[in-house]
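I opened my notebook for a friendly look through this model. Here are my entries, in the order I made them.

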Amino acid sequence: MQPYFYSVSEFLAMGKHGVFVWSCWAITVGMMLAFVIYSRRQRQALIKQLTIQQARQAQRMAKTTIPVTKQPN
(Lines give C-alpha, C1' and ligand atoms only; values in the text may rest on other atoms or scores of the structure.)
Protein backbone atom coordinates (compact mmCIF):
# COMPACT_ATOMS: atom_id res chain seq x y z
CA MET A 1 0.00 0.00 0.00
CA GLN A 2 1.37 3.38 -0.96
CA PRO A 3 0.35 6.73 0.51
CA TYR A 4 -1.61 9.01 -1.78
CA PHE A 5 0.31 12.09 -0.66
CA TYR A 6 4.05 11.94 -0.04
CA SER A 7 4.39 15.31 1.70
CA VAL A 8 2.35 17.92 3.49
CA SER A 9 2.66 20.34 0.58
CA GLU A 10 1.21 17.70 -1.79
CA PHE A 11 -1.61 17.14 0.68
CA LEU A 12 -2.37 20.87 0.85
CA ALA A 13 -2.18 21.20 -2.94
CA MET A 14 -4.62 18.26 -3.37
CA GLY A 15 -3.50 17.65 -6.92
CA LYS A 16 -4.01 21.30 -7.91
CA HIS A 17 -7.50 21.33 -6.39
CA GLY A 18 -6.33 22.49 -2.95
CA VAL A 19 -7.54 26.06 -3.34
CA PHE A 20 -11.08 24.87 -4.06
CA VAL A 21 -11.07 22.15 -1.39
CA TRP A 22 -9.65 24.29 1.41
CA SER A 23 -11.77 27.32 0.57
CA CYS A 24 -14.89 25.12 0.76
CA TRP A 25 -13.74 23.81 4.13
CA ALA A 26 -13.05 27.35 5.38
CA ILE A 27 -16.45 28.63 4.23
CA THR A 28 -18.25 25.68 5.82
CA VAL A 29 -16.47 25.98 9.15
CA GLY A 30 -16.91 29.77 9.12
CA MET A 31 -20.65 29.48 8.49
CA MET A 32 -21.03 26.89 11.24
CA LEU A 33 -19.19 29.12 13.72
CA ALA A 34 -21.26 32.12 12.66
CA PHE A 35 -24.45 30.11 13.20
CA VAL A 36 -23.35 29.02 16.68
CA ILE A 37 -22.44 32.58 17.67
CA TYR A 38 -25.70 33.95 16.23
CA SER A 39 -27.75 31.29 18.05
CA ARG A 40 -26.08 32.01 21.37
CA ARG A 41 -26.65 35.76 21.04
CA GLN A 42 -30.30 35.21 20.09
CA ARG A 43 -30.75 32.93 23.11
CA GLN A 44 -29.21 35.49 25.47
CA ALA A 45 -31.40 38.24 24.02
CA LEU A 46 -34.51 36.08 24.43
CA ILE A 47 -33.66 35.26 28.05
CA LYS A 48 -33.12 38.95 28.78
CA GLN A 49 -36.39 39.86 27.08
CA LEU A 50 -38.31 37.21 29.02
CA THR A 51 -36.79 38.36 32.31
CA ILE A 52 -37.88 41.94 31.62
CA GLN A 53 -41.35 40.76 30.62
CA GLN A 54 -41.72 38.71 33.81
CA ALA A 55 -40.62 41.66 35.94
CA ARG A 56 -43.17 43.92 34.25
CA GLN A 57 -45.89 41.34 34.70
CA ALA A 58 -45.01 40.95 38.39
CA GLN A 59 -45.20 44.75 38.84
CA ARG A 60 -48.55 44.85 37.06
CA MET A 61 -49.90 42.07 39.27
CA ALA A 62 -48.67 43.84 42.42
CA LYS A 63 -50.44 47.06 41.39
CA THR A 64 -53.75 45.40 40.53
CA THR A 65 -53.96 43.20 43.60
CA ILE A 66 -56.29 44.74 46.17
CA PRO A 67 -55.20 44.08 49.74
CA VAL A 68 -57.80 42.19 51.73
CA THR A 69 -58.73 43.92 54.99
CA LYS A 70 -60.93 42.70 57.78
CA GLN A 71 -64.42 44.07 57.67
CA PRO A 72 -66.20 44.86 60.90
CA ASN A 73 -69.02 42.48 61.84
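I began with Met14, which I found in the loop between helix H1 (8-13) and H2. Helices here are DSSP runs of H or I with at least four residues, numbered from the N terminus. Met14 is not a glycine, yet I read a positive phi of about 50° for it.

A note on the source: this is a predicted model, where local features need pLDDT of at least 70, side-chain atom pairs count only at pLDDT 80 or more, and totals for chains, interfaces and linings use all residues. Residues are numbered from 1 along each chain as its sequence is written, and side-chain values use heavy atoms, with hydrogens and water left out.

Next I looked up Lys16, which also sits in the loop between H1 and H2. Its phi is positive too, about 70°, although Lys16 is not a glycine. Is Lys16 buried or exposed? I noted it as exposed, because its relative accessibility is 83%. For these words I used relative accessible area with a 1.4 Å probe and protein chains only: buried is under 20%, exposed is over 50%, and partly exposed lies in between.

Then I turned to H2, residues 18-64. The expected span is 1.5 Å times one less than the number of residues, so the 47 residues of H2 should span 69 Å; I found its end C-alpha atoms 68 Å apart, which agrees. How many of its 47 residues are buried? I counted one, so H2 is hardly covered.

My last entry is Val29, in helix H2. Val29 counts as partly exposed because its relative accessibility is 39%. I also checked Val29 against Val8: they are 21 residues apart along the chain, and their C-alpha atoms are separated by 21 Å.

How values were computed:
Helix = DSSP H or I, 4+ residues; strand = E, 2+ residues; numbered from the N terminus.
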